[in-house]
Amino acid sequence: LIRQSKPTDETSIEDFVKIIDQRVHALARAHNQITDDQWGPAPFRSLIDAEVSAFVSDRQDRVHAEGDPVLLKPQAYSTMALVIHELVTNSAKYGSLSDQGHVNIAWTRDNLGSLVIEWTEVGGPPVEQPTRRGFGTTIITHSLPYDLGGTTDVDFARDGLRVRMVVPARHIVLAE
């Protein structure tokens, strides 16, 4: 995390430390969830709730999450913790949660048993394609394909960021 989070020339040491601290805490929250169950699968919804409450506690009512109960195995849970963390913090800084908009997070299982997650930002400032690719964007776009064999499609639509993620079935456990 530290090596990949290289700051830009404009980033102060204090801001750099804060970014690293937030990412480490995202992993720590995920680790706590999966170790509570003896390093077993943990609820995806809990991951979303933890990241939202940690970074946008005053705007939690503007994040709408909906889907059937599903558990992620530990590796997938840790990977998704970083991805959701980056999506939440980016939305709070630049997206719909920085303004008067909201975020819809919906998940379903496809016919192969994979988890399909749709992140949709609505009512925020106009979205522009980033001119530089930071570590946060790299986490969002590359973590699922490289760590889990899944996919991530990002659409910087002018009316709101849309991200479609697919976590392969081998990383999913149906909740009782």
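pLDDT is the predictor's confidence in each residue, on a scale from 0 to 100.

**View 1. Confidence across the predicted model.** This is a predicted model, in which local features need pLDDT of at least 70 and side-chain atom pairs count only at pLDDT 80 or more, while totals for chains, interfaces and linings use all residues. Residues are numbered from 1 along each chain as its sequence is written, and side-chain values use heavy atoms, with hydrogens and water left out. The protein has a mean pLDDT of 84, and 82% of its residues reach 70 or more. Helices (H or I, at least four residues) and strands (E, at least two) are DSSP runs numbered from the N terminus. Confidence is lowest in helix 1 (residues 13–36), where the mean is 63, and highest in strand 5 (residues 115–122), where it is 98.

View 2. Buried means under 20% relative accessible area, exposed over 50%, and partly exposed in between (1.4 Å probe, protein chains only). The buried residues of helix 4 include Phe-135, Ile-139, Ile-140, Leu-144 and Leu-148. After the helix comes Gly-149, whose phi is positive, near 75°.

View 3. A salt bridge is a side-chain nitrogen of Lys or Arg within 4 Å of a carboxyl oxygen of Asp or Glu, and a search of the whole structure finds 4 of them. One joins Arg-45 to Asp-49, with the closest N and O atoms 3.0 Å apart. Both residues lie in helix 2 (residues 44–55), 4 residues apart, about one turn of the helix. Arg-45 counts as partly exposed at 37% relative accessibility, and Asp-49 counts as partly exposed at 36%.

View 4. The side chains of Glu-118 and Arg-164 meet in a salt bridge (3.2 Å, N to O). This pair links distant parts of the chain, with Glu-118 in strand 5 and Arg-164 in strand 7 (residues 160–167), 46 residues apart. Glu-118 is partly exposed at 33% relative accessibility, and Arg-164 is partly exposed with a relative accessible area of 35%. Arg-162 forms a salt bridge with Asp-159, the closest N and O atoms being 3.0 Å apart, and a network of salt bridges links Asp-155, Asp-159 and Arg-162.

View 5. Two strands pair if DSSP finds at least two bridges between them. An open sheet of 5 strands has the order 2-4-5-7-6, with mixed pairing. Strand 2 (63–67) and strand 6 (151–157) stand at the edges with a single partner strand each, so one side of each is left without a neighbour in the sheet. Strand 6 and strand 7 run antiparallel and are joined by 7 bridges, and Thr-152 stands opposite Met-165 in strand 7.

View 6. Strand 1 pairs with strand 3 (residues 70–72) in the antiparallel sense over 2 bridges, and Ala-42 stands opposite Leu-72 in strand 3.
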